[in-house]
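Hello,

Here is the structure for you to look over. My notes follow below it.

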Amino acid sequence: MVGGVDEKVNYAFLKDQLKDNLPTLPAIFDDLSCMLKDPNSPTHSIQDIMKSDQTLSMKVLRVANSVQYRGERERVTDVGEAIATLGFDKIHMVILTSSVFKAFKVENAKNLNYDPAELWKHSLGTAVASSTISELTQLVPRQRAYSCGLVHDIGKVARLQLHPNEFCQDVGEALYDETTLIEIERKKSSPSHDVLGQIVCQEWGLNRDVESVIRWHHEGNPENRETVADPEINTLIDVVMVGNWLAHSMNFGFSGHRSGKLLCNEVRDRLSIDDEQLDFFKEETRESFKDFKNFLKLIERSVV
């Protein structure tokens, strides 16, 4: 094991394989996602970028014209109005969620003993939980937490794309041993989904925040996160780790195991989270899920 990477696994070969099997994101995804992190970004700049992707613009308009957001006002006809109607947070979620949704689709999924839709639900749960925690603690920007939570397990999609039967076998062993999938991957020297996820992130050209969370979301000790020096990124990783734990504890989707593993005490200490606060986060996350449910349905209906 070098740098947290199992030398028995040929990741260079897997990287070449992934080039022909890599899920795709819209070309404007990263630029627009970064711009939307800044609430002071001029509306016309975002509007100009979105106009370059007509499919994405149509999704945003569909959501903006739903009864939930438009109410009794006149129909929204352009992207600028949609941005004003939904606000930066919702626009960010429309773009990110609809883009990533496609990446979680796996061919011949019906023939597997694993449903990728359950991984999608877990990822959504982690995104909502992470953004809820960030909003309550003000430790990291909410949109960054949502973005990173949504794609933290993209390496599992890569495993499903490359070697679906082997992935399903590892899931079965994790369930049988009542342990986590990452522990089974390491035990069997299977491709590790955190490392594969980092490769996907690099191929997509996503930013350092996202790459760091994907690579290190199972590492509770910042000293072992060898590629991360920024304290704020380490805090972001910690927040997503708690969001991931909450999604598991609330059975939101199924990511590949049902282990009741306790939340890392080091992470809890760094974020100053005691048992009472953790219960509060869970209740607030549950409420966020409820509020978010209708919005997610709108997103799913707008995906083409």
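Ile-133 sits in helix 7 (residues 116-137); helices here are DSSP runs of H or I, at least four residues, numbered from the N terminus. This is a predicted model, where local features need pLDDT of at least 70, side-chain atom pairs count only at pLDDT 80 or more, and totals for chains, interfaces and linings use all residues. Residues are numbered from 1 along each chain as its sequence is written, and side-chain values use heavy atoms, with hydrogens and water left out.

Is Ile-133 buried or exposed? Ile-133 is buried, with a relative accessible area of 0% (buried means under 20%, with a 1.4 Å probe and protein chains only). Leaving out residues up to four places away in sequence, Ile-133 touches Gln-138, Val-239, Val-242, Gly-243, Leu-246 and Phe-281 (contact means heavy atoms within 4.5 Å).

**The core**

The largest nonpolar core has 89 residues. Such a core is a set of buried Ala, Val, Leu, Ile, Met, Phe, Trp, Tyr and Cys residues joined through side-chain atoms within 4.5 Å. Helix 6 (residues 79-103) gives the largest share of this core, 13 residues. Tyr-146 and Val-242 have the most contacts inside the core. Beyond its neighbours within four places in sequence, Tyr-146 contacts residues including His-92, Met-93, Leu-96 and Phe-292.

**Helix 11**

Which residues of helix 11 (residues 181-188) are buried? They are Leu-181, Ile-182, Ile-184 and Glu-185. These residues cover an arc of only 160 degrees around the axis, so they lie on the same side of helix 11. The arc is that of the directions from the helix axis to the C-beta atoms. The buried residues of helix 11 pack against helix 9 (154-162), helix 10 (164-177) and helix 12 (193-204). Just after helix 11, Ser-189 has a positive phi of about 55 degrees.

Best wishes

Methods: Buried means under 20% relative accessible area, exposed over 50%, partly exposed in between (1.4 Å probe, protein chains only). Helices (H or I, at least four residues) and strands (E, at least two) are DSSP runs, numbered from the N terminus.
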